[in-house]
There are 2 protein chains.
Amino acid sequence: MKNIDNPSEKIIIALDGMDKDDVVNLLKKIPEIVWVKVGLELFVSEGPDVLSMLREKGKKIFLDLKFHDIPTTVARACFAASQTGAEFISLHTCAGMKALKMANEAAKEGAAKVNLIPPKLLGITILTSWTRESFCNDLLINQSINQRVKHLAEIASNSGLGGCVCSPKEVQFLRESYPETFELITPGIRSLGSNINDQSRVSDASEAIKMGASKLVIGRAITQSNDSAYMFKSFCDKISI
Amino acid sequence: MKNIDNPSEKIIIALDGMDKDDVVNLLKKIPEIVWVKVGLELFVSEGPDVLSMLREKGKKIFLDLKFHDIPTTVARACFAASQTGAEFISLHTCAGMKALKMANEAAKEGAAKVNLIPPKLLGITILTSWTRESFCNDLLINQSINQRVKHLAEIASNSGLGGCVCSPKEVQFLRESYPETFELITPGIRSLGSNINDQSRVSDASEAIKMGASKLVIGRAITQSNDSAYMFKSFCDKISI
């Protein structure tokens, strides 16, 4: 496995369970953070202002609102989101190909209108909280998660998206089908033996990178540890080996 | 069919394709509007400030961001959203029962913390843009839309949600299963012969109300007509008969 020269580029810090002040304090504690993920909770409370604040601090942003609406609305939401300067924007592949294609075009247009480099759209495949059983019971979908992730990744790729979000359990077989330029972003990263909260399909950091993940989304394992700076550094060390 | 005393209570204006100024102008033109729907596009651009503006104008708000994430994130997003004063908040039933139950509790807690009446959470069933064919081709789900809507509505009801969003094509059979207190909110409302854009499963206003819809979501048919005030009034007249 090739040596990773800048491991902090490989780690996206999920700003979950935090308000704006918590975020400012975290970034002071860990100035080495390059990537941050803004999810529904923080965005619903703070709105686009939190994105401007993060950009002013020179952070790269994954806007992870997981859009899932009719094609026109998903496209317009991606047009608006592309103008915030976020580098990654997520939307559900189960919104369907028409929505994904329209969204991809709209994101390019939106970014171009404000002279920004277009964001990469990332297709959400199967949320890491699902297991085969819960998926089948709740949603009556009788396909294995691997099969379904493979199909949804195909929809994302065929629609021109820049990559996918998948659990560490699927990153290896996806990487065999897609080139390095197709981002595979994996949440569900835990240190061995740590609390997995409501994630089901998890693995450890170096494993996920070895299997082909482009970047890892890590949240509570760092943000809620007693020494976040130390934890960030130890994750960086782990993935550089 | 019982006479409808206040038809404007039955119409939710979708503020799609509009910025904040357009919204202010529309509300000036049609002061009789009671309900408005804030979707992804407007919220991604403006954030929670647009909700405060609408509340100051005395409007009732359907915050329609269609949350679809892991249970913890959906719950925290609903906690945050419930503190904006929105009366309705949407989330995808396909986020699963665990997410819906946690979200329902979180919305009550969030509202209570700021002394607001808890919002009603509305479960998105199948987006009105889907047809049986596109649903099967893109998502490999070989169930009829009616069957699937019935199942997803059951998940919503069993999780304690306040209602569902469904197309006019499903409102009649759902109303047979659920009491009047279970909201059935239907987008996809068109005047006969008008452009259906990317909605597939549509019907006309008075039909939908007769079949048991609690409220109708109407957007472009009013907001993009040459005389929005006249169109709003004519929809109100139509559903009062």
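## About the model

This is a predicted model, in which local features need pLDDT of at least 70 and side-chain atom pairs count only at pLDDT 80 or more, while totals for chains, interfaces and linings use all residues. Residues are numbered from 1 along each chain as its sequence is written, chains are lettered from A and ligands numbered from 1 in the order in which they are written, and side-chain values use heavy atoms, with hydrogens and water left out.

## Where chain A meets chain B

Let's start with the interface. Here 48 residues of chain A are in contact with 48 residues of chain B, contact meaning heavy atoms within 4.5 Å. The two chains bury about 3900 Å² between them, and 60% of that is on carbon and sulfur atoms; buried area is the accessible area (1.4 Å probe) that two parts lose on being put together, summed over both.

Between chain A and chain B, 11 residue pairs are in polar contact, both residues being at pLDDT 80 or more. A polar contact is a pair of N or O atoms within 3.5 Å; within protein, one must be able to donate a hydrogen and the other to accept it, and residues adjacent in sequence count only if both atoms are side-chain atoms. On the chain A side, the elements giving two or more residues are helix 2 (40–46), strand 3 (60–67), helix 4 (71–82), helix 5 (97–113), helix 6 (132–139) and helix 7 (145–158). Helices (H or I, at least four residues) and strands (E, at least two) are DSSP runs, numbered from the N terminus. Helix 4 of chain A gives the most, with 7 residues.

## Helix 6 of chain B

This helix spans residues 132–139 of chain B, and Phe135(B), Asp138(B) and Leu139(B) are buried in it. Buried means under 20% relative accessible area, exposed over 50%, and partly exposed in between (1.4 Å probe, protein chains only).

The packing partners of the buried residues are helix 5 and helix 7 of chain A, together with helix 7 (145–158) of chain B.

## Salt bridges

Over all chains, the search finds 18 salt bridges, each a side-chain nitrogen of Lys or Arg within 4 Å of a carboxyl oxygen of Asp or Glu. Across the interface of chain A and chain B there are 4. Lys66(A) pairs with Asp69(B), the closest N and O atoms being 2.8 Å apart, and both residues belong to a network of salt bridges that also links Lys37(A) and Asp64(A).

In chain B, Asp64(B) and Lys66(B) form a salt bridge at 2.8 Å, N to O. Asp64(B) is buried at 2% relative accessibility, and Lys66(B) is buried at 8%. Glu9(B) and Lys60(B) also meet in a salt bridge, at 2.7 Å. This pair links distant parts of the chain, 51 residues apart: Glu9(B) lies in the segment before strand 1 (11–14), and Lys60(B) in strand 3 (residues 60–67) of chain B. Glu9(B) is partly exposed at 23% relative accessibility, as is Lys60(B) at 28%.
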